Amino acid sequence: MSKIVIAGAGYAGMMAAAYLDRQGIPFTLVNNHDYHYLTILLHEVAGGRDVGDKYKIPIKEVLRNDSSELVVATVTGIDRERRVLKTSEGEIGYDYLIYALGWVSEYFGIKGLKEYSLSITNLDSAVEIRRHIDEQFRLYKQDGDDRHLRIALGGAGLTGIELMGELLEYLPKLCRELDIPWEKVDVQCIEAMPTILPMVAEHLRPYVVETITKRGGKLRTNAKINEVTEGVIHLDGGEKVEAGTIVWTGGVRANPILSEAGFTVDRRGRAKVNAYLQSVDDEQIFVAGDSAWAEDENGRPYPPTAQNAEQMGPLAAKNILLRERRREMQPFKPRDWGTLCSLGSEVGVGSFLGVPIKGVMGALAKEGSKAKYLWELGGLRLAGNHAKEVVRI
Ligand SMILES: Cc1cc2nc3c(=O)[nH]c(=O)nc-3n(C[C@H](O)[C@H](O)[C@H](O)COP(=O)(O)OP(=O)(O)OC[C@H]3O[C@@H](n4cnc5c(N)ncnc54)[C@H](O)[C@@H]3O)c2cc1C
């Protein structure tokens, strides 16, 4: 059997690994931690709902087969000619590579944004946002400077709105704990486009606006960020928004490793793949998850979502096995389960299998989607083990 290496243990990489593990096929999984984390719940960590450890799943808990190997290392490059993955722990040779390193923040060239904002890129960064906010509120108690109580989120997509929902639930509690008047707190989300949540049906968006504004949050649209300096967002038109916490949630792109290795990439740095998720530049490399530039039959690129990543991972693994056995590979035809956006722990909005939902049903559906994922990843055992930690239905 050829040597299979999987780079990244996110939704795509873990599902690929779990697929091979169940088949008893040996592989090497390279990831920068010895745990998998639930990226789609990181707003809960950043927004103070729960501590980061509860969102971790030890990789060894999912992969039970002794033939598989986990290498904890940071991937730094790919030498396609030599078929070698370069990592912080040395080079790892492969016959087949499943590249699934996910995404990094996209700053669109906005001056100072990267330097002066926080962003949710992994579990550690989500923990850091919560720590930073807690610290700012404690600093307010010491010096009384209102700026510590101002939080500005850049981007009103899924991550920005979900984070806003969490903060509007957590911050009133923090205020009570620290004896800070809630009226002094300012949480605003700044969006350059005319609308929020483009992935959610238009008729559901007023519900989001109403829920957030009732809880004291501000949603601003048509507000373009020109520059960020320390503690200040400079908007188009000259307005300055001062905030002790600035979080950027406005965009993602693939890791530059792909363009540096000479893959054909789109404007978001994702590597172009064919219908079988095989790189168009290198038939020994499959790309899955947010790193893949995959298109449907009409040439529309699939969006970077966990549900696509979860379905791409196992298919990439399966297609490697089919190719090895000289059988026909299978095209990527994902099932669209819908999009769900939580607004705190109790309500949410979105669609499930084409049916629009909002309110408590939205929150329940979001919790259900997590349970489904854990079940698919590690069966009843994993879903059961982590039910108390990460699933609250
Ligand atoms: C707050 C938030 C909420 C979201 N909500 C939803 C949602 O409700 N529904 C939905 O479908 N999508 C949602 N998404 C998007 C979804 O999380 C991504 O589409 C999904 O995580 C992509 O999976 P992936 O496997 O490609 O990458 P990831 O899940 O990001 O996994 C990448 C893995 O690679 C590791 N890694 C990265 N770089 C390196 C390196 N250089 N070396 C070694 N290891 C590395 C990372 O640690 C990670 O384990 C959300 C995203 C965020 C941030």
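A polar contact is taken here as a pair of N or O atoms within 3.5 Å; within protein, one atom must be able to donate a hydrogen and the other to accept it, and residues adjacent in sequence count only if both atoms are side-chain atoms. By this rule, 5 residue pairs (both at pLDDT 80 or more) are in polar contact across the interface of domain 2 and domain 3. The model is predicted, so local features need pLDDT of at least 70 and side-chain atom pairs count only at pLDDT 80 or more, while totals for chains, interfaces and linings use all residues. Residues are numbered from 1 along each chain as its sequence is written, and side-chain values use heavy atoms, with hydrogens and water left out.

An automatic or database domain assignment divides the protein into domain 1 (4–104 + 252–335), domain 2 (113–248) and domain 3 (337–393). The centres of domain 2 and domain 3, taken over C-alpha atoms, are separated by 24 Å. Where these two domains touch (heavy atoms within 4.5 Å), domain 2 supplies 16 residues and domain 3 supplies 17 residues.

Buried area, the accessible area (1.4 Å probe) that two parts lose on being put together, summed over both, is about 1,200 Å² between domain 2 and domain 3, with 67% from carbon and sulfur atoms. In domain 2, the most area is lost to domain 3 by Glu-162, Leu-204 and Tyr-207, together 43% of what that side buries.

Glu-162 also meets Lys-366 through their side chains in a salt bridge (2.7 Å, N to O); the term requires a side-chain nitrogen of Lys or Arg within 4 Å of a carboxyl oxygen of Asp or Glu.
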